Amino acid sequence: MATTLKITFKIKRYKKTADEKFLKAPYFENFKLEVDKNTTVLEALKKLKALEDGSLTFRSACEMGMCGSCGMIVNGKPVLACSIYCHDVIKKDKTITIEPLQNMPIIKDLVTDIDDPLNKMRSVMPYWDQKSKTNNEPKKACPQTPKEKARIDEATGCIKCMLCYSACPVYGQDKNFIGPGAGTLAYRYEADSRGINSTEKQQRLDKITSEENGIWGCSFVGDCSSVCPKQVDPAKALQLLKIKGSIHAAIKPLKKIFTCTSLNSSLPINNPTASWWLQNKTTLGYFLRELSAIGITLWAIFYVLNLSFPPLFTNLQSLTNFIFWFGFISALGHSISWFWVGLKITTPPSPSKSFLFLKFTGLISGWILISYLLISNLYGKF
Amino acid sequence: METITQHDILIIGGGAAGLRAALAAVETNPKLSIALISKVYPIRSHTVSAEGGVAGVINPEDSLEAHAYDTIKGSNYLADQDAVELFVKKAPLEIIQIENWGCPWSRTKEGKIATRNFGGMSKPRTAYAADKTGFYLLHSLFERSLKYKQITRYDEWFVTKILTCENQATGIIAIQQRTGQIFAFSAKAIILATGGAGYLYQFTTNSNIKTGDGMALALQAGVALKDMEFIQFHPTGLARTGILITEAARSEGGYLLNKNNDRFLKNYAPKTMEMSPRDLVSQAIISEIKAGRGIETPYGQCVHLDLRHLGESLIKEKLPLVREVAKTYQGVDPVYDLIPVRPVAHYFMGGIDVDLKTATPLKGLFSAGETACLSIHGANRLGSNSLAECLVFGNIAGKTTAKFVDTQPQNPTLDQTQLKKESDRLAKLRSVSGPERVAPLKKDLGEMMEQAAGLIRDKKNLEIGLTKLTKLKQRYQKIGLSDHEEIFNTEFLAYLELSNLLDVAETILISALAREESRGAHFRTDFPKQNNRQFHHHHLITRAPDGLKISLKPVTITKWPLP
Ligand SMILES: Cc1cc2nc3c(=O)[nH]c(=O)nc-3n(C[C@H](O)[C@H](O)[C@H](O)COP(=O)(O)OP(=O)(O)OC[C@H]3O[C@@H](n4cnc5c(N)ncnc54)[C@H](O)[C@@H]3O)c2cc1C
Ligand code: SF4
Ligand code: FES
């Protein structure tokens with residue numbers, strides 16, 4: 001016969017009336033219940049509801065740790081109540097404390113409002129449409145080897161229980177942070193070997209690399225991974241996503257230079273005209289930006305050549321001077337047009353002004369530093 | 001309830017069937033406004049617990065004919081063969097469609113969708129995603145549905161009534177759990193995809209949300225329920241909790257052993273052994289237990305499922321969830337230990353009577369998924385046919401309704417007296433007081449159903465069951481609630497669900513009593529033989545003023561005559 005224990009359950013209660021006025025601040029209520037070693041916390045709650053207080057409110061469904069309904073905080077740790085046993089978590093004084101998940105509004109007792117995390121998951125566009133050449137092509141399964149699939153095995157295991165949102169200190173501070181669950185979901189669709197050519201892929205990366213609502217808030221505390229009941233490792237997914245995001249952010253401008261067709265979404269993609277840059281102020285901005293980039297390139301080549309021994313053009317003082325100023329002005333122009341174009345972009349995601357300004361000042365200081373180093377190299381310190 | 005929310009299509013249920021219907025409707029006509037109403041967040045629907053896989057002919061060495069024949073044979077020739085033919089034709093397309101949407105199917109080395117054997121299937125044709133197929137499927141569908149702004153989700157809304165007017169379904173009444181407010185919806189078409197009613201039984205693989213709401217709603221709206229006596233008992237539920245150990249455990253090579261460590265199925269089905277259809281395996285287990293060859297456990301007599309010879313790596317790769325739940329919920333590790341299992345209530349073959357286009361006789365009302373009955377499962381469902389059914393007929397329901405609403409110029413007007421009556425009824429029920437409580441009554445109902453309409457039935461027990469049911473219904477009237485809040489009142493919902501369960505229970509008992517033969521999942525000790533001459537037909541149950549009425553419907557035969 002299984003041994004039983006009499007346990008005191010300290011359960012956080014919270015109720016509000018329909019007109020949204022609080023009856024009381026959340027408070028703790030104690031219940032006593034005899035439980036055997038096969039009783040999960042959820043079963044204990046169900047018994048309490050049946051025997052003690054029918055108004056005790058919590059969510060549950062599958063009772064096998066798959067549906068993600070029963071997330072709550074037991075003895076300070078976010079868990080699935082159906083997957084842990086009372087005897088395993090009991091404290092020395094024979095009590096178990098049960099609270100609702102943190103970082104989200106309470107609806108009643110242990111039931112919380114998970115709509116914000118769920119909307120964050122929606123915002124990363126967890127879907128794709130493969131571009132197919134013709135519409136009436138019969139549908140085929142996209143091949144994927146077990147090795148390719150293994151890359152997403154962890155991330156696809158997420159049951160959207162939102163325990164990680166409850167554990168995440170960053171999300172607790174800043175509700176703009178996309179959060180571990182949504183990050184994992186974004187990573188799952190990014191890392192999948194299928195869906196490579198989907199339009200959503202670019203938008204998703206743009207979205208998560210933009211400063212607001214993006215992934216950069218994650219400070220790698222790792223609490224999300226330690227509470228995840230499905231070993232999804234959202235912290236790892238977020239770091240991998242950061243790498244993907246950085247590469248994306250770095251490659252994007254390069255792509256723009258090489259494929260002038262994608263310079264501006266308002267451009268007719270298949271029909272770029274010679275005077276596309278006169279279409280509007282933004283296209284002009286792009287034009288100036290790319291033009292100044294050519295100036296910088298020339299400048300850089302000139303200096304690199306001049307670094308060789310003996311320097312190529314030492315006797316052409318005036319030419320060197322000219323090229324230096326030409327390059328420096330190009331660099332300035334490039335930075336300014338960069339900043340200016342950034343402000344003009346209205347298609348999502350529009351990076352925030354402070355972010356752009358930071359980039360701008362960074363760039364300018366970078367240019368000045370490089371120029372100083374090169375000049376001092378050529379002419380000696382001044 | 002002054003405002004009435006209007007949509008073109010209302011889909012009730014966010015499981016595999018409901019989500020698939022929503023996606024089909026929006027992709028058929030992106031201009032439609034679609035409501036997806038579910039009493040839990042769609043990702044919490046019980047589809048999430050499905051483990052084994054989805055059947056469909058995707059291997060070149062397999063054939064549609066073979067799938068159809070296996071299904072019909074498995075159904076004990078009670079399936080409608082035109083429905084089965086349509087089903088097997090569409091199932092492979094669905095598997096590929098879901099793949100295209102991102103479902104992480106398990107793969108062969110070459111990168112093709114892998115398939116496994118399943119009970120009653122003559123070829124490996126069950127596509128799977130480890131042993132969490134339902135979970136991956138449901139989340140893939142849900143994530144896909146996030147793409148469409150046209151689909152408005154009403155998460156945690158509980159539907160209490162289908163409104164009708166002149167033989168047409170016009171709308172519904174639903175409670176928003178978060179506020180407790182009651183709302184009316186009107187629509188040109190309604191799809192019921194509310195899943196089964198397995199929670200009716202005490203020992204079940206189904207969760208507390210599977211309360212047969214859709215079946216009860218349809219019955220009240222005057223629509224017939226079909227073949228309600230056929231309830232599948234899965235052979236391998238974990239002895240203590242009833243959590244499912246998927247059939248995949250046997251298809252990957254697991255053995256069933258009795259007390260003497262004998263693979264006892266050799267005495268019942270020497271050819272197919274552990275891979276026989278579920279009705280047969282479950283009944284074999286019960287016979288073993290009756291013959292004294294069961295294993296005594298604190299939870300009753302069991303048999304053992306042996307996976308030890310499969311090895312850790314196979315179990316890890318193909319049956320991770322089996323290992324996880326066996327460890328967590330039974331304290332045994334299948335790599336080293338035997339798993340105690342016993343038959344457990346699992347699946348409703350019967351349900352709302354619909355045609356090949358998923359339409360009910362009530363204009364504007366459609367149904368798909370476990371709650372509907374076409375029938376493709378007849379007297380016994382083959383494992384992995386039901387998720388495929390949810391996809392195939394969910395899709396058909398979505399397409400059919402999308403076309404149907406085109407023929408309807410505007411939303412029907414709701415009958416105000418019906419509205420008033422329902423909101424008054426709910427208001428009254430919310431504040432009932434009395435000596436009885438919801439939970440103990442549900443427990444008694446579950447025990448009654450196990451005894452009267454369990455795996456083994458006879459006239460006497462069924463009749464006792466009916467008498468007990470009348471008593472339970474009387475007790476229901478005396479229930480008092482201790483939670484009178486409006487916001488998120490789960491006790492009140494359980495109270496409403498219990499009423500639905502009582503309604504469904506009655507249809508089961510009456511149909512089971514009327515079928516004086518044994519066929520598939522319906523096993524009567526007083527009529528142990530299949531009787532094709534008298535009982536090769538479906539049972540339809542409808543509500544009449546003086547109680548439930550039973551009528552007969554012929555089985556459609558196309559290519560496969562009775563043997
Ligand atoms: C443990 C287990 C394992 C299984 N394994 C397999 C398998 O391997 N292969 C296979 O093919 N099949 C399997 N099945 C069967 C299969 O999972 C089900 O038949 C299928 O999931 C049913 O899907 P559904 O969409 O019809 O209903 P469900 O997934 O049950 O969804 C019902 C939906 O209706 C909603 N709802 C219900 N009532 C109301 C109401 N009153 N108001 C508002 N919303 C409501 C619910 O919220 C829910 O969203 C398994 C079943 C179980 C229980
Ligand atoms: S990542 Fe883990 S903790 Fe977070 S929602 Fe998914 S399963 Fe839950
Ligand atoms: S009840 Fe489904 S995860 Fe706990």
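**Entry 1: B:Glu486**

I located B:Glu486 in the loop that joins α13 (459-477) to α14 (490-514) of chain B. The model I am reading is predicted. I then looked up the accessibility of B:Glu486: its relative accessible area is 31%.

**Entry 2: cavities**

I searched the whole structure for cavities of 30 Å³ or more and noted 7. The largest cavity holds about 740 Å³ of space. I counted 47 residues in its lining, and those closest to the centre are B:His46, B:Thr47, B:Gly195, B:Lys210 and B:Glu370. I next asked which elements of chain B each supply at least two residues of this lining. Among the helices I recorded α1 (16-28), α5 (213-220) and α10 (385-406). Sorted by class, the lining of the largest cavity has 20 polar, 19 nonpolar and 8 charged residues.

**Entry 3: ligand 2**

Which residues surround ligand 2? I found A:Cys158, A:Ile159, A:Lys160, A:Cys161, A:Met162, A:Leu163 and A:Cys164, together with A:Cys228, A:Pro229, A:Val232 and A:Pro234. By class, I listed 10 nonpolar residues and 1 charged residue in the shell around ligand 2, with no polar residues.

Methods. Residues numbered from 1 in each chain as written. Chains lettered and ligands numbered in written order. Predicted model: local features only at pLDDT ≥ 70, side-chain atom pairs only at ≥ 80, totals over all residues. Heavy atoms only, no water. 1 Å grid on protein atoms, 1.4 Å probe; cavity = no way out; pocket = protein on both sides within 12 Å on 5 of 7 lines; lining within 4 Å. Points joined across faces, edges and corners; volume = space filled by probe spheres on them. Helix = DSSP H or I, 4+ residues; strand = E, 2+ residues; numbered from the N terminus. Nonpolar A, V, L, I, M, F, W, Y, C, P; charged D, E, K, R; others polar. Buried < 20%, exposed > 50% of the residue type's maximum accessible area, 1.4 Å probe, protein only. Near = heavy atom within 4 Å.
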